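Hi,

Here is the structure I promised to pass on. Have a look at it first, and then read my notes below.

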Amino acid sequence: MKICVLGLGYIGLPTALLLAAHGSDVVGVDVKQSVVDCLNHGKLPFKEPGIEDLYQQAKDRFVAEREPGAADVFLIAVPTPLDPATKVSDLSYVKRAADTIAAHLREGNLVILESTVPPGTSERVVIPRLEKSGVTIRDFLYAHCPERAIPGRTLKEMVCNSRIIGGYDRDSTDQATSLYQTFVCGEIYQTDTRTAEFVKLMENTCRDVNIALANEFAKLADECGVNVWEAISLANKHPRVSILNPGPGVGGHCIAIDPWFLTENSTRCRMVSTAREVNDSMPNYVLHITRDLLTGIKDPVISIFGVAYKGNVGDTRESPAFKFIQLAENEGYAIRCHDPYVREFPHPLMEMADAAAGSNCIVILADHDCFRGIEPAGLRMRTKFVIDARNILDHEQWTSQGFAVRVLGDGSLVHPVPLDEGIPPAGLYSTDATRPITASSPPSVPLLSPDGRERFL
Ligand SMILES: NC(=O)C1=CN([C@@H]2O[C@H](COP(=O)(O)OP(=O)(O)OC[C@H]3O[C@@H](n4cnc5c(N)ncnc54)[C@H](O)[C@@H]3O)[C@@H](O)[C@H]2O)C=CC1
Ligand SMILES: CC(=O)N[C@@H]1[C@@H](OP(=O)(O)OP(=O)(O)OC[C@H]2O[C@@H](n3ccc(=O)[nH]c3=O)[C@H](O)[C@@H]2O)O[C@H](C(=O)O)[C@@H](O)[C@@H]1O
């Protein structure tokens with residue numbers, strides 16, 4: 001079977017290689033000449049665990065081209081960004097891909113849309129464009145098969161996750177299911193195209209709203225003098241509670257934009273857009289903490305560790321770092337950036353030691369595992385402040401090296417509420433709430449309640 005995959009990015013390329021490695025002849029098509037050249041010279045345009053090995057398995061059945069040709073199956077995995085001004089989906093890439101396929105579409109072909117799109121896009125936008133070929137939907141097959149893989153574990157999840165196949169009709173659904181069964185081990189659930197589009201958006205919106213709740217808890221905890229990390233860890237001991245992690249904001253090509261796809265035509269919804277606003281406000285909140293720490297310092301310099309949108313990836317799309325940097329520069333802070341995963345960024349990227357040299361404050365924005373083991377003694381700072389917006393550092397180690405450590409949501413009272421005088425902020429106490437305190441393992445520092453009495457857990 002000959003398959004043509006349009007879009008060789010984070011989703012299209014691994015999918016194309018998996019199909020080739022499982023016996024299909026695959027033509028990968030990308031409008032970027034650099035991507036096509038890179039692949040045809042045996043190089044991969046981005047990093048992802050396992051992709052080099054997969055390429056070796058797939059390369060005899062895979063070729064990259066600038067234009068599609070005739071094929072049995074066409075699979076679309078092109079970007080679906082958000083227009084930042086209107087908060088409406090930009091479907092121009094999907095439209096263009098459908099138009100190029102139309103030139104080659106034949107009776108009996110199967111067209112699969114993997115790109116994430118607003119509900120109804122398949123019926124209203126994609127199928128009519130494909131029909132301009134002269135072949136009507138009665139004579140070709142169509143399915144929307146949204147992707148659920150998470151960057152950092154893309155290959156594993158593409159194979160192991162369950163999938164939703166939303167076919168235009170019974171035959172389309174069954175043919176698409178058979179194709180995915182060549183490499184997917186997870187369950188495959190069948191539905192119609194519109195429901196599949198809706199389900200995908202619900203999944204990412206659910207995560208966005210839950211992260212917003214965690215971020216709201218972090219702000220509330222700061223107001224109440226409570227360490228949110230300890231509090232979340234304890235609340236999550238409840239059998240039906242599972243609170244996510246607060247952070248400096250929600251980035252990436254999907255969670256930060258898909259909720260808008262769900263609501264772009266609605267006049268009724270508020271919770272989804274409120275959650276988006278909460279998450280979008282987190283860089284401002286981290287800057288607020290920064291300002292609080294650096295008040296009075298002349299010509300302050302901030303070192304940002306981690307400009308990727310999350311830990312252990314090199315992708316900076318919609319990263320909270322962009323907003324944080326712009327806000328901070330507008331307030332007169334000089335910015336230096338370090339990120340060992342990111343290849344290209346509008347700000348110059350520096351080695352860790354250079355980014356920290358002469359700086360007043362390190363701000364951890366991405367939770368790269370390699371940051372956990374940073375040796376603070378080696379950093380030649382002007383003043384020793386660190387803001388851990390991901391709660392990943394060994395805080396005792398940094399404190400012992402003379403650093404003042406602030407953790408997002410550590411209860412250090414960014415907006416103080418009246419509490420009894422003399423009670424140290426909650427952030428000074430043990431945050432290891434996952435470890436039950438027993439007679440043989442007492443807390444190294446006594447935990448106090450807001451009335452100053454020792455707390456018994
Ligand atoms: N990155 C991710 O983890 C996930 C992405 N998705 C969705 O998958 C879709 C693709 O996302 P990514 O792979 O991350 O995008 P990407 O930006 O990494 O890759 C898209 C590729 O498509 C190419 N392209 C654009 N127009 C084209 C056309 N007409 N013909 C051929 N190639 C074209 C671009 O040059 C680019 O190389 C989006 O709708 C996204 O929301 C869904 C789940 C996960
Ligand atoms: C519902 C769900 O888990 N969706 C996944 C998501 O991948 P993505 O890498 O964007 O998700 P993520 O790991 O939640 O990260 C998104 C953003 O949210 C932040 N984040 C995440 C979890 C958390 O507790 N706190 C938090 O602040 C991350 O740092 C990042 O900035 O979106 C992908 C997509 O659709 O592109 C999707 O395929 C993935 O399965």
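Let's start with a pair of residues you can find quickly: cysteine 4 has valine 27, in strand β2, as its bridge partner. Keep in mind while you look that this is a predicted model.

That pair belongs to a bigger pattern. Strand β1 (residues 2–6) and strand β2 (residues 25–29) run parallel and are joined by 5 bridges.

Now the ligands. Ligand 1 is surrounded by 28 residues, and the closest are Gly7, Gly9, Ile11, Thr80 and Ser115. Helix α4 (residues 92–102) gives the largest share of that shell, with 4 residues. Sorted by class, the shell around ligand 1 holds 15 nonpolar, 8 polar and 5 charged residues.

Ligand 2 has 21 residues around it, and Leu244, Gly247, Gly252, Cys254 and Lys310 come nearest. Its shell splits into 9 nonpolar, 7 polar and 5 charged residues.

On the annotation side, the UniProt record (an unreviewed entry) places the feature "domain: UDP-glucose/GDP-mannose dehydrogenase C-terminal" at residues 303–395. In the model, that stretch is 23% helix and 17% strand, and its end C-alpha atoms are 18 Å apart.

Aspartate 299 is not a glycine, yet its phi is positive, near 45°. You'll find aspartate 299 in the loop between α12 (282–294) and β11 (301–305). Asparagine 391 isn't a glycine either, and has a positive phi of about 55°. Its loop is the one between β14 (385–388) and α16 (395–400).

Which of these two is buried, and which is exposed? Aspartate 299 has 9 C-beta neighbours inside 10 Å, so it counts as exposed, since the cut-off for exposed is 12 or fewer. Asparagine 391 has 21 other C-beta atoms within 10 Å and is therefore buried, the cut-off there being 20 or more.

Cheers

Notes:
Residues numbered from 1 in each chain as written. Chains lettered and ligands numbered in written order. Predicted model: local features only at pLDDT ≥ 70, side-chain atom pairs only at ≥ 80, totals over all residues. Near = placed C-beta within 6 Å. Helix = DSSP H or I, 4+ residues; strand = E, 2+ residues; numbered from the N terminus. Nonpolar A, V, L, I, M, F, W, Y, C, P; charged D, E, K, R; others polar. UniProt positions renumbered as here; feature names shortened; annotations may be inferred. Pairing = 2+ DSSP bridges.
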